[in-house]
Structure formats: structure tokens, C-alpha cells
Amino acid sequence: MDGRKRSNIKPGQLVHIVQKEDQRTGDLTEGYVARILTKSPQHPHGIKVKLETGEVGRVKEILERVGTLVIGLQTTLFCLYFVPKILI
């Protein structure tokens with residue numbers, strides 16, 4: 001889904017953001033959305049959110065969790081990686 005549209009983002013959703021200090025390198029931070037900070041319905045650089053960890057940045061990817069498999073879809077890149085289950 002497109003991280004530039006506010007309607008695609010919901011609190012509790014798993015996303016990748018780029019923080020202000022990481023804009024030059026493009027380093028992404030993964031986390032769950034706590035609050036949506038951008039008021040407008042869309043933003044060309046991504047909707048600004050605050051993660052549950054307190055980090056603030058613009059959404060670059062919206063991740064969809066299917067069991068323990070996390071799938072990230074971008075307009076130009078398809079990322080697929082496995083998140084192992086922690087057994088107790």
C-alpha cells in the first residue's frame with residue numbers, strides 16, 4: 001500500500017519509516033504506528049507518524065503480517081523476509 005496516503009495508514013499497523021536524521025542515508029526504522037501526525041490526506045514524501053517506541057518519521061512502506069511472514073510492498077520494490085517465531 002502507498003505510504004503517501006493517510007487513508008492507508010492505521011494505528012497499530014506495522015510500517016517502515018525514515019526518520020529526519022536518516023533522510024540522507026535512507027535507513028528505515030520498523031515499528032507499529034501509535035499516532036498519525038500528518039493532517040492532510042496525502043503527502044509526497046510519506047505520511048508522518050509516531051511509532052509506539054516514540055520515533056517519528058515518514059512512512060516509506062506499509063508491512064502486512066501473514067502469520068510469521070512479513071511482506072513489504074513498495075511501488076518499485078518487493079521485499080519478502082521471514083520473522084522467526086520465538087518459542088517459549
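Reading the values of a predicted model

Me: What makes arginine 4 partly exposed?
Reply: Arginine 4 has a relative accessible area of 39%. Buried means under 20%, exposed over 50%, and partly exposed in between (1.4 Å probe, protein chains only), so arginine 4 is partly exposed. The model is predicted: local features need pLDDT of at least 70, side-chain atom pairs count only at pLDDT 80 or more, and totals for chains, interfaces and linings use all residues. Residues are numbered from 1 along each chain as its sequence is written, and side-chain values use heavy atoms, with hydrogens and water left out.

Me: Why is the contact of arginine 4 and aspartate 2 called a salt bridge?
Reply: The N to O distance between the two side chains is 3.0 Å. The definition asks for a side-chain nitrogen of Lys or Arg within 4 Å of a carboxyl oxygen of Asp or Glu, so the pair qualifies. The structure holds 1 salt bridge. Aspartate 2, at 23% relative accessible area, is partly exposed.

Me: How do you know that histidine 16 is buried?
Reply: Histidine 16 has a relative accessibility of 11%, so it counts as buried. The place of this histidine is in strand S1, where 5 of the 5 residues are buried. Leu14, His16 and Val18 point one way from S1, and Val15 and Ile17 the other way.

Me: What links histidine 16 to glutamate 30?
Reply: Their side chains make a polar contact at 3.1 Å; the limit for a pair of N or O atoms is 3.5 Å, where one must be able to donate a hydrogen and the other to accept it, and residues adjacent in sequence count only if both atoms are side-chain atoms. Glutamate 30 is also the bridge partner of histidine 16 in S2.

Me: How do you know that S1 and S2 pair?
Reply: Pairing needs at least two DSSP bridges, and 4 bridges join S1 to S2, so the two strands pair. S1 and S2 run antiparallel.

Me: Which residues make up the largest nonpolar core?
Reply: The core has 10 residues in all: Ile9, Val15, Ile17, Val33, Ile36, Ile47, Val49, Leu51, Val59 and Ile62. Strands S1 (14-18), S2 (29-36), S3 (48-51) and S4 (56-66) each give two or more residues to this core.

Notes. Core = buried A, V, L, I, M, F, W, Y, C linked by side-chain atoms within 4.5 Å.
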